[in-house]
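Have a look at the structure first, then read on.

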Amino acid sequence: MTRDVCVVVPTIREYECMREYFRNARDHGFDLDRLFVVLVTEDFCDTDGMRAMLDEEGVAGAVFDERDREAWFDEQGLPEYSHLIPEASHAQTSFGLLYLWANDFEYGVFIDDDTLPHDEWDFFGTHLENLAYEGELEAVSSDERWVNVLYQSETDLYPRGYPYSAMDETVETETADVDRVVASQGLWTNVPDLDAVRILMDGDLQGQAQTRTGFEDFDRDFVAAEGDYLTVCSMNLAFRREVVPAFYQFPMDENAWDVGRFDDIWSGVLLKRAADVVGGQIYNGAPLCEHNKAPRSTFDDLANEVAGLELNEHFWEEVDAATPAEPTYAAVARAVGERLRDGDYEEYNNGAFLEECGEYLLDWVNCCAELADEKVAAPADD
């Protein structure tokens, strides 16, 4: 079997959760030889233990702490792009995207280290089936042009990153012909993926939520209609390699404005815009995962999010207004990067961060292009 799936796991502590994902694969007959696992971590973490875990499980993979990432950029001859990966940030998943792009992987999978698979689904197999899906599926839209991925639930929750101005939307559903799924977003039971403001409104001071989600909150799979946006959470996600140029996990935490917590949300907005332009869909629903977010101060999360809350209300509008030169993922990303870089956002709190995001996104597109050129130019094996 071809090793065609790159699994990217950002982790600083709970890497042992991957044993459950490997067990799930074995139980469902999924061939683990298809996987290459990239653990993205920090210099102060137990990298030896991570490598030992992969060896004990008999799964191919590699561990990249900060020094390893710097060495990798040097080996590619692209040290000038190492700034694209922020320090001590969930947005380091971008490194896994570059690793996938530079190698012969057709698919990527993101897994967060505070999740577990449900036995009801073949985790990896279901994601790949979703990516191969062709046929009719429910398409969801709203009068606010935003789809709440929890719209089937009776909990009245809105996920992290959903704009406050798009709440109280009127939802419409129809049957659509789906013919090119480019990303498969698995949703989550137990702790819902909420932002700090919504967690506080739910009465929880420990960074989780009093209201929990279960199987009954996810009745059927769906896509967001063309022209509508949705939150894309990277804790349980699979995607095709073609989307990588338009899937940069924006550089959070390590910036002059202390903006954090929107890396996967903004990358999902960019991906949805690109998919609409190119002609692809984002599949949502199964396989569910169990999200076991560790208790922590909700106010700490709020401090990390507040710097970007106003920007999040407007980021999607800038992405939506960008006009690509051609219908490709790289062209959409370049158009969005240029619009952000050249924009005037003084009216927003920390608006200059959007300009920096534009510069970084353009560097990302250039980095992907140079990696692709390097791959094409590489001599064939003797």
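In helix α5, the residues F123, F124, G125, T126, H127, L128, N130 and L131 are buried, where buried means under 20% relative accessible area, exposed over 50% and partly exposed in between, with a 1.4 Å probe and protein chains only. α5 covers residues 123-131, and because eight of its nine residues are buried, the rest of the structure largely encloses it. Helices here are DSSP runs of H or I with at least four residues, strands are E runs of at least two, and both are numbered from the N terminus.

A word on ground rules: this is a predicted model, so local features need pLDDT of at least 70 and side-chain atom pairs count only at pLDDT 80 or more, while totals for chains, interfaces and linings use all residues. Residues are numbered from 1 along each chain as its sequence is written, and side-chain values use heavy atoms, with hydrogens and water left out.

**The core**

Which residues touch the most other members of the largest nonpolar core? They are V7, F124, F239 and W266, out of 126 residues in that core. A nonpolar core is a set of buried Ala, Val, Leu, Ile, Met, Phe, Trp, Tyr and Cys residues joined through side-chain atoms within 4.5 Å. Helix α10 (residues 352-377) gives the most to this core, with ten residues.

F124 touches V7, Y21, A25, F30, L35, V109 and I111, leaving aside residues up to four places away in sequence; contact means heavy atoms within 4.5 Å.

Over in helix α10 sits L361, which is buried, with a relative accessible area of 0%. With residues up to four places away in sequence not counted, L361 touches Y248, F250, L270, A333, V336 and G337. L361 and G337 are 24 residues apart in sequence, yet their C-alpha atoms are 5.3 Å apart in space.

**Two helix pairs**

Two packed helices are described by the angle between their axes and the distance between the axes. Axes are lines fitted to C-alpha atoms, for helices over the stretch in contact, and angles run from 0 to 180 degrees between N-to-C directions. A crossing is left-handed if the near helix is turned anticlockwise from the far one by less than a right angle, and right-handed if clockwise.

| Helix pair | Angle | Axis distance |
|---|---|---|
| α1 (residues 18-27) and α2 (residues 47-57) | about 15° | 11 Å |
| α3 (residues 66-75) and α4 (residues 93-102) | roughly 35° | within 12 Å |

The α1 angle makes α1 roughly parallel to α2, a label for angles under 35 degrees, with over 145 roughly antiparallel, 65 to 115 roughly perpendicular and the rest oblique. α1 passes α2 in a right-handed crossing. M18, R19, F22 and R26 in α1 meet M53, L54, E56 and E57 in α2. That contact has four nonpolar, no polar and four charged residues; Ala, Val, Leu, Ile, Met, Phe, Trp, Tyr, Cys and Pro count as nonpolar, Asp, Glu, Lys and Arg as charged, and the others, Gly among them, as polar.

α3 and α4 cross left-handed. R69, W72 and F73 in α3 meet F95, L98, Y99 and A102 in α4, giving six nonpolar, no polar and one charged residue.

Most residues other than glycine have a negative phi, and most peptide bonds are trans. D168 has a positive phi of about 60° and is exposed at 68% relative accessibility. R261 has a positive phi of about 75°, but is buried at 18%. A cis peptide bond joins A286 and P287, with omega about 0°, and P287 is in strand β13 (residues 281-291).
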